[in-house]
Amino acid sequence: MTKPYVFRLRQADLDRYEEMAELEKNFHAEGYALVAGADEAGRGPLAGPVFAAACILDPERPIPGLNDSKKISAQRREALFDQIQEKALAYAVTSRPSTCIDRINILEATKEATREALEALSPSPSICLLDALRIKDLRFPQRALIKGDAHVNAIAAASILAKVSRDRYMIELDQAYPGYAFASHKGYGTAAHYEALRRLGPCPEHRLSFLGKLKLGKSVAEEEATAAHSQDKDATRFQQGCLARGQQAERRVAEHLASQGYHILERNFRLPPFGEIDLIAAKNKVLFIVEVKARHESLSKGRCLEAIDHRKASKLRLVAAYYQQSRHFENHNLRFLAAGCELGEHDEVLHICYREFFP
């Protein structure tokens, strides 16, 4: 059995602990019995969640050695992590995934996770101290401190809880997505990580909103979009027929939009594993994201949207936002169109109806 790592305390560690306890002591003297610290880990990486932690330390059970998690070794962080869990009056660790970060941005995701961690503390804090962050409508008093994790023990403890929790998550993620070396760089933008992204493309844990400069994704040429090989010839012919209908419908929609003055930028823009956009067009500083649906029955405007469920719409929004950023269309507004194609007996397009939707 491996012995737990025990680090040697130096006089500098003891002195720093006393210095960093001063502010908490001042708040105790002002009547705030329970002083919480909160901090985050993972705002900068290209992949993985952002973690937040909150902690109320016990003045009767000191933890010398606390410091900003970035300033101490991984071994010392792990040892302090265990001590914090053992000695703290209360602590909580929460996170927000990459999908949330892409949807509401990293700052708001960090605030959400921090709020959740603080509100999960039991007992509840009398006041909370945050590292250069303010959270709107928090139900107890708060103070934002610049470089708080280097000046307040409770914030330093929260910093360690968040950092170790996130590092452990990224090490586990390395097993799920081999090739990216998540265990090594923890999702940060190292040269090796960028090289892996260019070679493998992104995985579901990557933050698309952080990857714009790589210009990932590509349009698939029509002749390359063939049905998958299958031993079942009838099934293969069916798949090819469905694919051909879809391609014909997309081509007709593209031709129709072009005739109306739209500039067709992409057809079948794919960004695995996040999704595909059938058509991307531009007109009058607007980027149109077009989802094409082909049916043999008559299509009303409402029925154009039947096949675009919440999951599909979310993927379209995510890939569209990435395309807009990575191809430098930030000065264009985004609009989403469903294009319903009514097909004839021989799969010819008889009619096209458009309906805007809001993913």
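Colleague: What are the ground rules for the values?

Modeller: This is a predicted model, so local features need pLDDT of at least 70, side-chain atom pairs count only at pLDDT 80 or more, and totals for chains, interfaces and linings use all residues. Residues are numbered from 1 along each chain as its sequence is written, and side-chain values use heavy atoms, with hydrogens and water left out.

Colleague: What makes Leu80 buried or exposed?

Modeller: Buried means under 20% relative accessible area, exposed over 50%, and partly exposed in between, with a 1.4 Å probe and protein chains only. Leu80 has 0% relative accessibility, so Leu80 counts as buried. Leu80 sits in helix α2 (residues 74-87). Helices here are DSSP runs of H or I with at least four residues, strands are runs of E with at least two, and both are numbered from the N terminus.

Colleague: Which residues is Leu80 in contact with?

Modeller: Contact means heavy atoms within 4.5 Å. Leaving aside neighbours within four places in sequence, Leu80 is in contact with Phe7, Ile63, Pro64, Gly65, Leu66, Ile72 and Ile160. The C-alpha atoms of Leu80 and Gly65 are separated by 7.7 Å, with the two residues 15 apart along the chain.

Colleague: Asn67 is in a loop, between β2 and α2. Why is Asn67 called buried?

Modeller: Its relative accessible area is 9%, so Asn67 falls in the buried class. Beyond four places in sequence, the contacts of Asn67 include Arg16, Met20, Asp149 and Ile160.

Colleague: What about Asn284, buried or exposed?

Modeller: Asn284 has 67% relative accessibility, so Asn284 counts as exposed. Asn284 lies in the loop between β8 and β9. Phi of Asn284 is near 50°, a positive value in a residue other than glycine. Lys285 is in the loop between β8 and β9, and its phi is near 60°, also positive in a residue other than glycine.

Colleague: How do you know that β8 and β9 pair?

Modeller: Two strands pair if DSSP finds at least two bridges between them. Strand β8 (residues 275-283) and strand β9 (residues 286-295) have 5 bridges, in the antiparallel sense. So they pass the rule. Leu279 stands opposite Val290 in β9.

Colleague: What makes β10 and β11 a pair?

Modeller: 8 bridges join β10 (residues 333-343) to β11 (residues 349-357), and these strands run antiparallel. Gly340 has Cys353 as its bridge partner in β11. The hairpin has 5 residues between the strands, and Asp347 there takes a positive phi near 70°.

Colleague: Why are β3 and β5 called edge strands?

Modeller: Their sheet is open, with 5 strands in the order β3-β2-β1-β4-β5 and mixed pairing. β3 (90-96) and β5 (142-145) each have a single partner strand, so one side of each is left without a neighbour in the sheet. The twist averages 20° from one strand to the next. Axes are lines fitted to C-alpha atoms, for helices over the stretch in contact, and angles run from 0 to 180 degrees between N-to-C directions. By that scheme helix α4 (residues 106-119), which lies across β1, β2 (50-56), β3 and β4, runs at about 150° to β3.

Colleague: Which strands stand at the edges of the 6-strand sheet?

Modeller: The order is β6-β7-β8-β9-β10-β11, again open and mixed.

Colleague: How many disulfides does the rule give?

Modeller: A disulfide is a pair of cysteine sulfur atoms within 2.5 Å. By this rule the count is 0. Cys100, at 6% relative accessibility, counts as buried. Cys203, at 3%, is buried.

Colleague: What space lies in the second largest pocket, and what lines it?

Modeller: On a 1 Å grid over the protein atoms alone, a pocket is an open set of points with protein on both sides within 12 Å along at least five of seven lines; lining residues have an atom within 4 Å of a point. Grid points are joined across faces, edges and corners, and the volume is the space filled by probe spheres set on the points. That gives about 360 Å³ here. Of its 16 lining residues, the closest to the centre are Thr99, Asp102, Arg103, Ser314 and Leu318. α9 gives the most to this lining, with 7 residues.

How values were computed
On a 1 Å grid over the protein atoms alone, a cavity is a set of points where a 1.4 Å probe fits but cannot get out, and a pocket is an open set with protein on both sides within 12 Å along at least five of seven lines; lining residues have an atom within 4 Å of a point.
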